[in-house]
Amino acid sequence: MRFANFVVNPMILPGKTIGVLGGGQLGRMLAQAATRLGYRVHIYEPQAHSPAGAVAHREVNAAYDDLAALMAFARGCDVVTYEFENVPAAPLQAIAALTRLLPDWRVLETAQNRSREKRWLRDQGLPHAQFAEVAAGGDVAAAIRQVGVPCVVKTADFGYDGKGQLKVMGEAGLAAAREKFRGQPAVIEQFIDFACEVSAVVARSAAGEVSVFPVSENIHADHILEFSIVPARVPADVKARAEALARLIAGKIGLVGVMGVEFFVTRSGDVLVNELAPRTHNSGHYTMDACVTSQFEQQVRAICGLPLGDPALLSPVVMVNILGDAWAKGEPKWEALLADPAVRLHLYGKSEARPGRKMGHFTVRAADVETALAKARELKEKL
Ligand code: ATP
Ligand code: MG
């Protein structure tokens, strides 16, 4: 019986099947890490020929609310996880009744909606930007006045890569905000004039073992991550606070799996939690090329009940996202990246290059981050 087996042998060992909801690049890199360890990987994804499906043993194409298809998928897996944050929480509960689902669906439910996420941070007494909530059809302008300007208005649901956000600088922005968020639940956040942004990927096992990867410094362009720099160029106490917050959050939310935690570092040195993502994180891609264990292997270890791997950094590193924009003048010129032994290229196998779409990334290792960053910028230009 599955339940009895779960109690007696909580370890899901190589040879077993890991199911992943979502077929994007995070699922692809998870599948690559899992298959290297000898697991079988099944991908559940609405769209055929997904990046993850291409490297998995099986790809099931059905909608996230197709309960019968989800149940059939779950029955074929020893553990199910998700790589996509907008999977509805209700069907996840049904999966959890059939097989092991990690992280728990309640973790995703909290993190996938900005109102619930912000409220959770506030209730736990964790540092965050001041905010106000607006229900669908509510008074956006009143909530903006409550928080004050400048502020950022964000949809409560389905935001990613800065989609569904609007910065409001003054009274003039009120009308635009009212128009853009008409009929949608939203969160109004105080605008943080941050010194920089950092993030940490934390892993926690069912046994309560917690491990944090080195803190990454993140530079965004148009709200999309452009560079991750590790070690982050921030004082040691800022790193220590970000790491401690990530550990604290993993424990408080009952994480079993991995989670990306994004932070704003204010000019006065405060560390505020921006967002939680209960899965691997774009800013953790550097771990594949510069740490003993990658964030994807760590995710496999955490959800399969294995001991966690060593997160130690082996070299200073800079990660660069490759967006669809790089295809503006045809196929990017990969030669310069491929010619450099300190550079590793990762492409996600997406056929259509749209502006802003994450198509791949590369990492540059060097003796120090300034050298790596200078080279990364240069190589990005050459693409
Ligand atoms: P993703 O899921 O890709 O991280 P997202 O759409 O969920 O993106 P956020 O992380 O909330 O969005 O915002 C994206 C970026 O926009 C942040 O990393 C930051 O650079 C900027 N930003 C968001 N909120 C604020 C704020 N309150 N003050 C200042 N900058 C902000
Ligand atoms: Mg974010």
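## Around strand 14

Strand 14 is joined to strand 15 (residues 271-277) by six bridges, and the two run antiparallel. Strands here are DSSP runs of E with at least two residues, helices are runs of H or I with at least four, and both are numbered from the N terminus; two strands pair if DSSP finds at least two bridges between them. The model is predicted, so local features need pLDDT of at least 70, side-chain atom pairs count only at pLDDT 80 or more, and totals for chains, interfaces and linings use all residues. Residues are numbered from 1 along each chain as written, chains are lettered from A and ligands numbered from 1 in written order, and side-chain values use heavy atoms, without hydrogens and water.

**Exercise 1.** Find which residue of strand 15 is the bridge partner of Gly260, and describe the turn of the hairpin.

*Solution.*
- Start at Gly260: its partner in strand 15 is Ala277.
- Then follow the hairpin, where four residues lie between strand 14 and strand 15.
- In that turn, Gly269 has a positive phi of about 90 degrees.

**Exercise 2.** Find how many bridges join strand 10 to strand 14.

*Solution.*
- Strand 10 (residues 194-204) runs antiparallel to strand 14, with 10 bridges.
- One pair to look for is Arg204 with Gly257 of strand 14.

**Exercise 3.** Decide whether the residues of strand 14 are buried or exposed.

*Solution.*
- Buried means under 20% relative accessible area, exposed over 50%, partly exposed in between (1.4 Å probe, protein chains only).
- Gly257, Met259, Val261, Phe263 and Val265 point one way and are buried.
- Val258, Gly260, Glu262, Phe264 and Thr266 point the other way and are buried too.
- With 10 of its 10 residues buried, strand 14 is therefore largely enclosed by the rest of the structure.
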